[in-house]
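Please find my comments on the model below.

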Amino acid sequence: MTEPSAVPADPTNTDAAELTVDDLTVRFEGLAAISGVSLTVERHEVFGLIGPNGAGKTTLVNCLTGFQAPTGGRVLVGRESTVGWSPMQFREMGVARTFQAGRLFKDMSVLENVEVTAVGLGLGRRRAVERGRAILDWVGLAGKTSLRAGALAYTDQRRLAIARAMVLPPAFVLLDEPAAGMSDAECEGLMVLVSSIPRTFVCGVLLIEHNMRVVMGVSHRVHVLDGGKTLAEGTPAEIQRDQAVLAAYLGVEG
Ligand SMILES: Nc1ncnc2c1ncn2[C@@H]1O[C@H](COP(=O)(O)OP(=O)(O)O)[C@@H](O)[C@H]1O
Ligand SMILES: [Mg+2]
């Protein structure tokens, strides 16, 4: 499969080279969803985050995007503390995300979905449409811009969600299970797209993914959570032969 066409990157609001979680803890009424997790996503890499259901992956992404306040520890964009930042502030400072469950404007067209996102981030109408078309071309939805978003096939909805996150190129993008429900062939296409993000946009990727072929195939490094704690971190090759990981996670998944 070929590399997706390059989309010219607009400058982001941050020159942050890394996104950091330092000794993060999140408690929900006594239950520790995250306990003392530290990790750093570099701007030039795809960083995989894996772990069984309930491991705390989405909670971590929520902390990295202002949707969840940490109980303890720090989240840093570059060297900047993010205490009290709203989701919009995170986005304006270059941290974008997709959601596990879509959150598209289903009754708007595909193009309108990216356009309103770009306008919300400060672009004028014309620039927003221009930018929207370029990013839809990049995700492979150029032929579907006027369709109603709700009418798209499931995998195209996931591509649209990525387009919305990337329409104003962020410094970091957090993708929560983008391959869920995709066929092998669709996963291949997604892998090409995700792999190209750091080079095309100078944007680091945090990839949460259950599909091991996808996450091991595109990640430079992989971090494993289990029960809210770090189990291991390393290259895909290291993680795939880590005994603790095999016992706790990969073994169960087959
Ligand atoms: N808003 C919430 N209130 C209470 N418990 C929550 C909330 N969000 C997540 N949890 C709990 O925190 C743990 C981690 O959940 P989550 O981050 O969604 O895991 P993952 O994304 O790895 O499947 C789970 O036990 C989950 O039930
Ligand atoms: Mg989750």
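1. Helix 3 (residues 110–120) packs against helix 4 (residues 125–139) at an angle of about 125°, and their axes lie 8 Å apart. Axes here are lines fitted to C-alpha atoms, for helices over the stretch in contact, with angles running from 0 to 180 degrees between N-to-C directions. Helices (H or I, at least four residues) and strands (E, at least two) are DSSP runs, numbered from the N terminus. The pair is therefore oblique, given that angles under 35 degrees count as roughly parallel, over 145 as roughly antiparallel, 65 to 115 as roughly perpendicular and the rest as oblique.

2. This is a predicted model, in which local features need pLDDT of at least 70 and side-chain atom pairs count only at pLDDT 80 or more, while totals for chains, interfaces and linings use all residues. Residues are numbered from 1 along each chain as its sequence is written, and chains are lettered from A and ligands numbered from 1 in the order in which they are written.

3. On the helix 3 side of that contact are Val110, Leu111, Val114, Glu115, Ala118 and Val119. Their partners in helix 4 include Arg125, Arg131, Arg133, Ile135 and Leu136; contact means C-beta atoms, placed from the backbone, within 7 Å. By class the contact has nine nonpolar, one polar and four charged residues. Ala, Val, Leu, Ile, Met, Phe, Trp, Tyr, Cys and Pro count as nonpolar, Asp, Glu, Lys and Arg as charged, and the others, Gly among them, as polar.

4. Helix 4 also packs on helix 5 (residues 154–166), at about 135° and with the axes 9 Å apart. That angle makes helix 4 oblique to helix 5. Ile135, Leu136 and Val139 of helix 4 meet Arg159, Ile162, Ala163 and Met166 of helix 5. The contact comprises six nonpolar residues, no polar and one charged.

5. The domain assignment (automatic or from a database) gives domain 1 as 1–7 + 14–94 + 170–254 and domain 2 as 104–167. Their centres, taken over C-alpha atoms, are 23 Å apart.

6. Around ligand 1 are Phe28, Ala33, Gly51, Asn53, Gly54, Ala55, Gly56, Lys57, Thr58 and Thr59, each with its C-beta atom, placed from the backbone, within 6 Å of the ligand. Helix 1 (residues 57–64) contributes the largest share, three residues. The shell has three nonpolar, six polar and one charged residues.

Definitions and conventions. Two residues are in contact if their C-beta atoms, placed from the backbone, lie within 7 Å.
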